[in-house]
Amino acid sequence: MVGTNLKAEIMSLMEKRSALEADMNAIIDRLCQSNGPGLSGNLVDSEGFPRTDIDIHLVRSERRRLAGDDGGSNNQNPSILSTVQSASFNNAVPRNSPAAMDVDVIIRRPFAVIDEITDASPAAEDGLQLGDQVLKFGTVEAGDNLLERLAAEGRKNQGNAVPVVIMRQGGLINLAVTPRPWQGRGLLGCHFRML
């Protein structure tokens, strides 16, 4: 009886997570459409004036919603990202436990999101996309000093395929990305924003 309730609760959390991820991906798509400001682009023009081609209030609101800054309320309406992360990380059931029953799920927590990617870069050519949430990059999964560890992993594997696990639109995708010199900066041509 307890196992059935646990299974129902996990299935409910997975459905909620999928709905929240779809909402998050819709926001990312809106922010990253052509001439959009993206997840971290400027909201002012080259002269320092507010851009007139975007709705700045809406962009700030959607960025805050993704980041978890609810504008000073009592945090009764947490961000999409924090809700997705807590639903995936805090409610995982060990695969071999009796409570797992027939639910065969291993849930990892994304540690970074790709918030910038350059056209014709190794990252773009190997299949990474703006908004991809990174769960694993080579041997890097989570922990401290993530940026340094990601850079070291790229340097260590220059010219060799690195297995990458990402979450895109609620689904897990396995890719291989090869860090390599190219005409642009770095070995990948993308930016990881830590979550």
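1. T178 counts as buried, because its relative accessibility is 19% and buried means under 20% relative accessible area (exposed is over 50%, partly exposed in between; 1.4 Å probe, protein chains only). T178 sits in the loop between β4 (171-177) and β5 (190-194). Helices (H or I, at least four residues) and strands (E, at least two) are DSSP runs, numbered from the N terminus. Leaving out residues up to four places away in sequence, T178 touches P122, D126, G159, N160, A161, L187 and L188. Contact here means heavy atoms within 4.5 Å.

2. On provenance: this is a predicted model, where local features need pLDDT of at least 70 and side-chain atom pairs count only at pLDDT 80 or more, while totals for chains, interfaces and linings use all residues. Residues are numbered from 1 along each chain as its sequence is written, and side-chain values use heavy atoms, with hydrogens and water left out.

3. Two backbone angles deserve a look. Most residues other than glycine have a negative phi. A120 is not a glycine, yet its phi is positive, about 65°. A120 lies in the loop between β1 (112-117) and α4 (122-125). A120 is partly exposed, at a relative accessible area of 45%. N145, also not a glycine, has a positive phi of about 50°. Its place is the loop between β2 (133-137) and α5 (146-156). N145 is exposed, at 54% relative accessible area.

4. How many aromatic pairs does a search of the whole structure find? One. F137 and F192 form it, edge-to-face, at 5.8 Å centre to centre and 70° between the planes. Rings of Phe, Tyr and Trp (its six-membered ring) pair if their centres lie within 6.5 Å; planes under 30 degrees apart count as stacked, over 60 as edge-to-face and the rest as tilted. The pair links distant parts of the chain: F137 is in strand β2 and F192 in strand β5, 55 residues apart. F137 is buried at 1% relative accessibility, and F192 is buried at 11%.

5. The largest nonpolar core has 17 residues, and F111, L128, V134, F137 and F192 have the most contacts inside it. Such a core is a set of buried Ala, Val, Leu, Ile, Met, Phe, Trp, Tyr and Cys residues joined through side-chain atoms within 4.5 Å. β1, β2, α5, β3 (162-168) and β4 each give two or more residues to this core. β3 gives the most, with three. Apart from this core lies another, of ten residues, among them M24, I28, L31 and V59.
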